[in-house]
Amino acid sequence: MGSDGHERFRHMIDESVAGPVQEEQSLREHLQACAPCQEYLAATHRVIAGLGGFSFAVDPGLNAKVSASLRLRAQQIKATQPGRRQLVLSCVFALMLTAVGSFFDLRLSGPIASVFDLQRTQVQQGLIAFWILPSLCILLLFPILPLLSAGGTNQEERNL
């Protein structure tokens, strides 16, 4: 068999170390008949077994610095996240703005209707559709925003 066949099977042997391969049956059949690939498989297992016992000593000072750095970063992240009280206050403030703005918009529907020669109900329906409902939808997003921003922070932390 040419070197291309052996390379293909050696690649499959390398993949089999990490988990099951797609062509496992053909790999088994090849290994039964090919001594060089059997040797390659045995060498791969020896290398992995040797790496299993590999260890090194870590400088305790370095370990302490890394732990302190991680604790500091966790405290910084926690300090930047809004508290529950701040979240409740911003939701109440947004609700008040939505209610007051909606009230004034509906009160102004009469003068707006007369300026544009429309019926008052048409203007009110337009205000409800294009002002009040979007305001309420945005208001409903306020409690979710900290969760979304926390998810973004966690994603950034995973990338570091």
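Cys-34 is buried, with a relative accessible area of 7%, where buried means under 20%, exposed over 50% and partly exposed in between (1.4 Å probe, protein chains only). Cys-37 is buried too, at 0%. This is a predicted model in which local features need pLDDT of at least 70 and side-chain atom pairs count only at pLDDT 80 or more, while totals for chains, interfaces and linings use all residues. Residues are numbered from 1 along each chain as its sequence is written, and side-chain values use heavy atoms, leaving out hydrogens and water.

Do these cysteines' sulfurs sit within bonding range or too far for a bond? The sulfur of Cys-34 has its closest cysteine sulfur in Cys-37, 3.6 Å away, which is too far for a bond. A disulfide is a pair of cysteine sulfur atoms within 2.5 Å, and the count comes to 0 disulfides.

Now for the charged side chains. Side chains of opposite charge can pair when their charged atoms come close. A salt bridge is a side-chain nitrogen of Lys or Arg within 4 Å of a carboxyl oxygen of Asp or Glu, and the count here is 3.

| Salt bridge | N to O distance |
|---|---|
| Glu-7 and Arg-10 | 3.9 Å |
| Arg-8 and Glu-23 | 3.1 Å |
| Glu-24 and Arg-28 | 2.6 Å |

Arg-8 lies in helix α1 and Glu-23 in the loop between α1 and α2, so this pair ties together parts 15 residues apart in sequence. Helices are DSSP runs (H or I, at least four residues), numbered from the N terminus. Glu-24 and Arg-28 are 4 residues apart in helix α2, about one helical turn.

Notes:
Helices (H or I, at least four residues) and strands (E, at least two) are DSSP runs, numbered from the N terminus.
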